[in-house]
Amino acid sequence: CVSSSCSKRFREEHINKLIVRLQNVQVDKSVDTLLQILEDLLQHTSAENASSLFQNKNVYINVLVVLESYINITSIQQVGWSLLYKLIELCPSILNKLAAPWDVGKDWDVLGDTDIFTLVVEAMRTFATDSSIQMQGSQVLCALLEKVSDEQVIEFVEGKDHWVILEAIKHLQQNEDSVLHALRALLPLARPPNNVEILMSGNEKCYTVVMTIMTSFPDNEAIQDIGCRLFQKFTLDNFYNILVLNGVQEVIVKAVVRYPANSSLQAAGLSTLALLTETIFVNKDLDERKDEEDLCWLEACCKALEFHKENQEVQEAACWALNNLLMYQNDLHEKFGDDETRFPVHRLVMAAMLLHSTSKEVFQASANALATLADQSVRIRKLLLAKGIHINILDLMKKHSDCCDVLESACKVLNKLFFGSILSIDVMSLSLTRIVSSMKSYEQFVSVQLEALRTISHFIFCKMNPEEVGRNLHEDTERMDLKQKVIKNQCLLEGVHTLVLEAMNKFVGNPALQQCGLRVLYAISDCSGSLEMMTAHGAMDTVLHTMQIYPHEREIQCLSLKFLFVLAPKKHLSNTLLALSAKVIVETLLRFEEDTEIQIQGFQVALMCFTILPSAATTFFMESIDKVIFRQMILRFMDDRNKQLQNLICKCLSKLCCDNAIKNKMLQNACSENNVTMAESLIILGADVNQKSWSESLIYQACERSNNPLLVELLLNSGTREQDIRKSLDVSIKKGDANIIGLLLKKLGLDQNNKAICLGGCRMGKIEAAWLSPLFPDEKLPVSRGQLTIGTSLAKLVLRYRAKPGVLLMHHSSTSSDMSYPEEAWERNDNWILLPELSATDSEESGTFCTDELESEGLINTFSYENNNNNNPYIWYSAVHVGRIFQSTSQDNNNNNPWSSLGSGQDLAHEFECIKSLDLSANELDNLNSINEKCPVSMQLATLQKLDLHQNNLMGFSKELCTIFKGLTDLDLSNNKFTSFPCCVLEMPSINTIDISKNNIGHSLILNLNTRCTTLKQLILSQNQLSSFPECLGEVITKIEELFLKGNKISTVVSSLCLTELNLLDLSQNCITIIPDTFLIQCPKMEIFRASENHLSILSGLPSKITVIELANNNFHQVPKAVLQLQHLRSINLSHNKISELPRPVLWASSNIRELIFSHNQIRVLDLSEGMNKWSRLGKLDLSNNNLKEVKPFIYFVSH
């Protein structure tokens, strides 16, 4: 002891002397002397009591001064940094002084502005290849960086001082010790998350450096440990993809497998693998992975759990690694079990949870791993439940009730454990109590609320797994129903509905929570009094808000609709709430139109609203539910798989049709959307086709849109007023839609009974051949009147729903064509009945209906719309026959129905009848250019017999037209703008009558002498500009019987008119002064001759068969002798002449005179003394405006 004490005193004295010598060192002193002092001090640091020897000596200050003063001396730097690191190890207080913030005063200010970090970095940078200096510098840096604050570490990295460490690794990568200490110096640099991004980027990426070192020294456990810890730091800033793409996981797996006993390495490595698992499996196909690799990873987790049971960090990391591995390799659970050939993972994880019950982190990790296991494997779930892990979890929930993460994980694992399992009522009740308590404690934490709701949802919607169902399925089901009922009632008693509504309102941005909340609320809604309580807490507002927030979430929408269906009857719906409900429901139906379940739920809610609120129909209609209804009816009409949806839709439509205003508005909407099927159904259901929309008729609007001929045809065939059709024609012609124009013209002008097309006065301005196509029947196509359209069939489906017997569903009034549906007739859902199916050919099988089937049921009655001035050819459903629905016999009604022929379906075609007459008069036509031999109606035009074109603007009639209209007998071209006679018309083989009056045919009538027209009987050339009598007329028109030349400017006539068949000649209103005696000699059959309003004074050479002669307004002074000699004369008009004497009766050759008109002459004396018997048949004698002063009494003896 004495010797030891002496040795200590000696060492202490020697150290003091060395310190004095070191303090008094001069710069110019020998380096060897200084080096010897440092080496002696370094030797003393190895003594047994070195710590006490150097205590409070502050030797480090002198060492730092020397290091700064001799920065370029290698030997001084080597020994000096070794001595400084040894002093730090011996006296930890030195580290505290060195690591003090740089802005705080130090007792070693002799260094001036230079700090310890700068000194170390400068030394390492100066001696980059010196392994000793690099190793000692790294050790000092590591010690300092672990001690300083994060702000100083961040500043160190941002100043790029860390590059000296990376350069040390680069230059000394073969020196294992140097590399090890350099890696240790990097570890504290990665502590602040802000530094990770810098370390992961740049020219020298740290992860690459670490991977290289770990690969180079696989047998160095310390290097592998530090490397795994560094990678754990690098994963904190979500650089997963970079690390995985560079193969970091492979290095870590090798390290974890190689050193299973190293707890630090296991914790860091497994934690890093857990974080990288998702990225690993996303970037690499599992099918390409080797089983050995997966097994090594799995086996490493199992070994870590088993070998490091007491280490919380390892247990936590291993559980997370297992959990994530299971999530991305679904078949891995098959390797787990209690068998010797399987991994007892579930037992190891359970042990971790129970051994570290005080660790919240271990519980969270192990609970998630167990939850994933239970979710993937029914077998593991059974094993866990058999071991009672759920009881332990419930106890731990109570123990850690102050930690939301623990409660969240606990709820999650309980949900997975209980799925499909048959639990005792006690377990379910206890679990519910714990979960509700958790929800109440952490109302502000969405994660806790969500997992709790998922577990509760599982309780009340629990379905037995098929693998776990016992032999007696009925008993198991009843027992499960009873348990669920008890749990639901407990939920209600513990206020779960309130917690759920509060959570849904608070976390409206979480769709998963909203969905779980709706499931829970809907499940407990069947408990007594639950709906009233939920309604009082604003459940309906919450549901509607959720539907608005998540319009595209299918499950949320479906659950919401189900819940609304049970809520609606319990809630007094205000107008505002009803409007919102209608808006949300209709939007959902439109958005999910192909989802049958949502459609059923939506229409159930709508029908419920219709039933409980009279105003609901109007509100829903304002949100366009009619569009949804008819869209669904069209989509589902041929779908027999879901009768429930068909029935609901029909009921809703029937309710809407109770309101005539809605019904009419629906028709407007259908027309505006060109929905022909919808429009047809509504018309059949009683909508007014002649209603005005936006001041215009429906037909006008349909024509104005000019894109749906089918809709136009439907409206036309449904009793549209003629004035509306004519107005629509104008807009259609402007639009130029040939199909629609043809339909309108067909309705306006087709007279099938008279085989005529009457389009006169339409003022079309032009005519297209395509417009005429619909007006001509097609002899190739049969006309079917038996089958009805889809729209008619849909209407029939709607009308098959009637009220129960004794409730009058529809009312018909003689003053109105509309049907009304009294509200009291519609009771709740069970008050609907479905009429019997019709026949095997019903629409539900064939897609079409025949009217005779409807009549046989008494469902149709056809009548006119008197109130609306309609004549609707569509069948109309009336209450007249409703009574027959409930009668026992209705088989013979079809035979007595006058309308049964409409639906026979047997008479497929009428006898084909050609159109004979076409009237296009008063249409302001300029030409007929569109009518040619290639036009679609050329064949039909060839069969016409009469063509009326008067009062247009035509200037010609081409030879091609004559060819097309080759069957014409009557052609009216009057009141046009012809300037010459179209000679080609005389070449038509059947022409009988031509009227070309009131045109501008001038001077003379030029005919083709090569033409011989033997069929023309009547030619009307009146009111033209002819100045001479047509020459050669008899050579061209040989068989003419009537010739009208009235109102021209003819002054001369031909010497002889060779028309042997001429019966009537009208030369009135011309300028003729003389008619030659031979003019009419060759007209032996003439009976009527008119020459009024000319300048004639004499007349002779009249044919003997003339019966009527008109010579008024001429210059006759006496009655021509030729007239007196006419033996067959019956009527003569010589008024407005200058005749002074009326010839006595005896002078007249004819005894058949019926009419004598001599008014406005100069007759003074009436001598009837002779031959009174010749005037015995006289019916009219007009002598007004003459100069008669008296009439002989015997004038009264004239007969008549």
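Which residues in α20 meet I389, N392, I393 and L396 in α23? In this predicted model, local features need pLDDT of at least 70 and side-chain atom pairs count only at pLDDT 80 or more, while totals for chains, interfaces and linings use all residues. Residues are numbered from 1 along each chain as its sequence is written, and side-chain values use heavy atoms, leaving out hydrogens and water.

The α20 side of the contact (heavy atoms within 4.5 Å) is formed by M350, M353 and L354. By class, this contact of α20 with α23 has six nonpolar residues, one polar and no charged; Met, Leu and Ile are among the residue types that count as nonpolar. Helices α20 (residues 345-355) and α23 (residues 389-399) pack at about 30°, their axes 11 Å apart. Helices here are DSSP runs of H or I with at least four residues, and strands are E runs of at least two; axes are lines fitted to C-alpha atoms, over the stretch in contact for helices, with angles from 0 to 180 degrees between N-to-C directions. The pair is therefore roughly parallel, a label for angles under 35 degrees.

With a relative accessible area of 2%, T792 is buried (under 20%; exposed is over 50%, partly exposed in between, with a 1.4 Å probe and protein chains only).

A922 sits in the loop between β9 (917-919) and α49 (938-941) and is buried at 10% relative accessibility. H1136, in the loop between β20 (1131-1133) and β21 (1141-1142), is partly exposed at 35%.

Conventions. Angles under 35 degrees count as roughly parallel, over 145 as roughly antiparallel, 65 to 115 as roughly perpendicular and the rest as oblique.
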